[in-house]
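Open the model in your viewer and keep the sequence panel in reach.

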Amino acid sequence: MTGVTTPTTDPAQTERDILATLVSDQGVIDAILADPPTQRLVVLMQSTHLDWDWIVSNLQYFREGVPHWNNAAGSVRNILDSAVALTSGSSGAGVGNRAAFSLAELGFLMHFLEREPARTAQIVAAAPFFSLMGGAVETPDDLLPHGEAFIRTYFLTRLWAERTLPGTLSRYAWLPDDFGHTPCLPATFEAMGIAGFGFARCPGSDLAQNNGAAGPQLVAITPPSPTQQSRDADFLWSTADGSTTLAHYLQNAYSQGDGAVSGGVNQLAFILFHDKVGGGNANTVRLPYVMVPFGDDFGMPFTTGSNPPQSALLGLASQWNGSSQRRDTYAVCATFDQYMQLVAARNARSGGLQALFSPAPGTPAALTFWGTPYWTGFYATQPAVKNLHQVATRAMLAAESLAAIAGLEPAVYGTHLLQSNLDHGWMPIGISTSHNLLTGCGPDVASYAESVPFYRYAAANALALRRSLLESIANAIVPAPKTAVVLFNEIGCARTTGRVAVYRPDATAPHSFTGVASVVPVAGGAPCAALPASDGTLHVLADVPALGYDQYTLSNTAAPAYDVVTRTEYSNVIALENAQVSVEILLDGAGPGQFLTVYDKATKTPIQHGLRVFSDATGGIYRFGTEYGAAFSEQTPVPAVVETSFVATGLLAIEHLAVTLGTSVFEVEIALASGDPYVGVAVRGSAAPAQAVMGSFQFAGPIAGIAHGTPHGVNQQLPPVPPGSGQNASKPPNQWVAPYFIPTHEYVAFFGANAPLGAVLHSAVHAWSVQLQGQQGLLPAPNEALACLLRNATGGGNEGAQGADPGVHVARYAIRAGTGIPKTPSTQLVRESRAFAWPLAAVTPLTPPCPEDTQWPRVFSPTFSLASVDGDAVVNAAKIGSRKPTVEGTPPNTDEDLVLRIFTLEPLARLTVHVPPTAAQCSFLVTSLQVTALNALEEQLTAAQQAALQITITDTQTFTFVPQRVLTTLQIHRVWSGIPNYGGP
């Protein structure tokens with residue numbers, strides 16, 4: 001929603017005002033502002049990159065640093081102490097004599113200020129020359145995290161910084177070390193109100209850094225010529241929904257300028273006019289602003305030997321401005337924020353920046369920006385942390401929506417005080433998005449002593465909070481005779497799939513399921529099918545409202561007709577079948593790697609599935625071996641498949657298999673439920689050293705294209721070809737041998753020339769490889785897709801860390817038939833994937849402790865939905881508001897204000913949102929409803945942005961709006977009757 005080209009003030013005046021804080025020479029300012037400009041401004045930007053859990057523990061980084069990695073490296077404590085001293089020491093200096101420092105990792109800063117509280121006032125006094133880039137707790141990876149976790153990485157620490165360090169927060173983020181970028185990053189950042197970001201790693205940049213002139217030198221995948229540098233170090237990166245962010249490409253990484261501290265003006269001149277093919281930083285931008293970054297990993301700020309120390313960059317700028325090397329380029333010390341503000345203001349005033357686009361049909365190759373891949377092995381490294389991150393995020397999102405229900409009047413059990421617990425629960429999840437933690441790119445000591453236990457804590461904490469809220473609500477529902485079960489739907493949409501719940505009553509309140517044929521909704525309605533299973537559970541087929549629950553009683557009344565799941569055995573085949581798919585499980589004697597076939601009953605087309613094992617002996621924790629120029633070699637013998645057990649009712653069949661491939665044994669679960677167009681698969685096992693275990697999916701015809709989910713959107717694309725793919729691996733080094741991989745979220749759909757072939761839904765992120773029609777020499781067959789499920793990399797690597805992963809992990813996914821897969825972008829597969837990944841939760845309510853206890857507070861109705869959306873949309877998050885509006889005239893935030901984040905792939909299509917409670921669902925009536933648009937950081941939008949959404953209040957429970965982008969955040973302010981001034985002004 002927040003654009004980068006529409007400042008609220010006059011852009012020319014903004015540009016001049018920013019320049020006036022950096023440049024004392026009015027003539028230089030006028031020359032820069034001229035059109036065309038006769039001067040350029042080079043910003044010497046001092047930062048440092050602070051990794052979490054990379055080589056050593058966070059505490060060691062904070063206290064000691066990593067002297068073995070970088071001779072100039074210092075402890076985080078010393079780095080921040082020096083940065084504060086430099087910036088505060090020059091706070092009274094004149095224009096052009098101010099030291100500047102930019103910092104991205106607020107987690108370390110929070111720790112520092114806890115121990116050095118006197119530094120807080122010094123940082124505030126030094127603003128804006130002490131700048132917090134983006135305000136994340138750590139520089140997050142943006143390819144692998146859950147989209148909501150990426151937002152919360154910034155949200156909570158920005159709230160802290162606003163209170164603690166006013167004036168220091170930047171609207172520009174810093175992701176210099178991410179190993180590639182998701183195509184939906186502009187949509188996510190724009191929804192957050194982040195106006196732009198700096199980055200270094202993208203396709204081609206690895207070759208450029210390691211091989212000089214040998215590799216492509218562009219951010220775009222296709223250079224204009226092999227020897228000409230692109231002029232798009234600053235560009236506008238856009239996505240199909242119109243989201244745009246200002247992007248700055250660090251063409252020679254984030255420590256590019258370090259050599260100029262000792263090399264002086266000659267080295268700075270090389271960086272500006274000669275570095276890289278085509279001519280240096282000054283010749284790779286379209287506007288008169290140039291940036292040179294300084295500061296390696298844990299690099300100390302550059303200082304002189306004077307007493308007290310002074311910024312060495314101030315001296316370098318002064319030397320440059322007085323030297324013959326200057327070439328009409330004036331140097332200043334400034335922050336990344338100041339540089340990006342100048343670029344944005346200049347572009348708003350006179351244009352000039354190129355627009356590059358995420359892959360979209362019809363986009364010219366020269367205007368297409370492929371943010372990924374850079375490396376790809378880390379997609380599959382340490383699958384435990386990927387799985388736990390997704391589990392923790394889903395649990396916290398569920399807990400937030402449950403807390404919003406539990407906090408409704410009269411807010412029983414003190415649940416209205418839960419916000420601080422939710423914030424504490426989000427903090428470790430925000431940290432877990434770190435580009436070192438979530439990627440799994442730490443050595444064994446850091447991984448197993450700190451990272452993995454940290455993820456387990458984050459997930460356990462989130463799950464415990466969610467469970468306590470489930471029980472709290474279930475126990476506060478108005479009681480009904482013979483109440484047996486409450487089913488919760490924790491996803492932000494009604495379920496068309498994933499409607500079968502597995503109900504296992506609490507051991508303290510056991511039930512006998514003998515004779516149970518259905519469950520009856522207490523709120524009224526037809527019975528739902530419910531059948532006892534052989535493992536002591538009850539399988540229930542139910543429709544439960546979005547972000548809500550239904551209360552049921554057990555019954556022996558026959559249920560209406562339903563889609564029956566059947567199970568048969570013949571020869572060496574076990575067959576499962578419902579109305580949409582049939583499944584054949586091949587026991588011993590299956591073909592190479594394949595032991596499961598899913599048939600689409602509408603088209604009679606099969607999808608074959610099995611496991612393949614490949615040697616990845618040269619791969620490291622960052623890269624597959626193919627990225628070092630070594631081909632995969634398959635080690636897959638014919639599998640031995642043995643059935644170990646099964647559970648079956650007419651609603652759900654679950655098969656358990658032991659699949660042996662050579663010396664590796666995998667436990668495989670296969671589940672088919674009533675009404676689902678997919679069969680669920682779970683693979684449990686470990687990868688042997690230097691092996692990669694792939695899931696193989698063979699379709700009925702060649703794959704012509706794919707569509708897959710990203711953290712906050714869909715990416716309808718053909719996979720990008722990395723630099724050098726298909727060429728001789730030794731000319732130049734580090735060019736890949738196929739296959740190459742892409743990361744997918746929630747689902748990946750495969751299309752033939754004329755129709756969908758099928759899809760795979762999954763509960764975590766997997767690395768996928770396909771061979772498209774017309775491509776040659778790739779490992780998968782033209783009709784096959786590979787997903788890396790388990791990986792144990794023990795081979796090469798020169799990225800600073802090595803590790804192994806012998807652990808046992810579980811990969812969960814579902815194979816979906818092709819019938820019903822939309823040919824155009826739709827949230828349908830998003831909804832289906834969430835229904836698969838977030839099963840219905842079943843809770844047994846407690847009975848009152850004493851029958852005569854009439855004060856037992858049962859206050860909620862038997863059925864409830866916190867929020868729902870009509871149309872092709874889903875609620876990504878539903879929570880109590882966390883910040884107070886600051887715009888005069890807007891409604892005050894109360895503890896009961898509901899914040900919704902709505903995702904749709906149909907911007908400009910009006911959506912209807914329902915936000916109970918109604919009189920039947922809550923103790924107090926809502927007498928008025930107000931809806932305000934926010935960004936994802938819960939800050940107010942401009943009046944123009946508000947107006948564009950066309951918010952229309954229908955009644956006190958319903959409103960409509962027209963989304964402008966894939967993500968919209970709305971605050972629902974309700975005024976309640978029955979309580980004086982409750983929720984009012």
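The model on screen is predicted.

**Strand 11**

Select residues 483-489, which form strand 11. Six of the seven residues here are buried, where buried means under 20% relative accessible area.

**The largest pocket**

Which residues lie nearest the centre of the largest pocket? Select Arg812, Phe836, Ala837, Trp838 and Pro839. The pocket holds about 1,400 Å³ of space and has 46 lining residues. By class, 27 of them are nonpolar, eight polar and 11 charged. Colour helix 13, residues 383-406, at this point: its six residues are the largest share of the lining.

**The largest cavity**

There are 15 cavities of 30 Å³ or more. To find the largest, select His146, Arg394, Glu746, Arg834 and Trp838, the residues nearest its centre. About 290 Å³ of space lies inside this cavity, and 27 residues line it. Its lining divides into 11 nonpolar, 12 polar and four charged residues. Helix 13, strand 30 (742-751), helix 16 (828-837) and strand 38 (873-880) each contribute at least two of the lining residues.

Key
Residues are numbered from 1 along each chain as its sequence is written. This is a predicted model: local features need pLDDT of at least 70, side-chain atom pairs count only at pLDDT 80 or more; totals for chains, interfaces and linings use all residues. Side-chain values use heavy atoms; hydrogens and water are left out. On a 1 Å grid over the protein atoms alone, a cavity is a set of points where a 1.4 Å probe fits but cannot get out, and a pocket is an open set with protein on both sides within 12 Å along at least five of seven lines; lining residues have an atom within 4 Å of a point. Grid points are joined across faces, edges and corners, and a volume is the space filled by probe spheres set on the points. Helices (H or I, at least four residues) and strands (E, at least two) are DSSP runs, numbered from the N terminus. Ala, Val, Leu, Ile, Met, Phe, Trp, Tyr, Cys and Pro count as nonpolar, Asp, Glu, Lys and Arg as charged, and the others, Gly among them, as polar. Buried means under 20% relative accessible area, exposed over 50%, partly exposed in between (1.4 Å probe, protein chains only).
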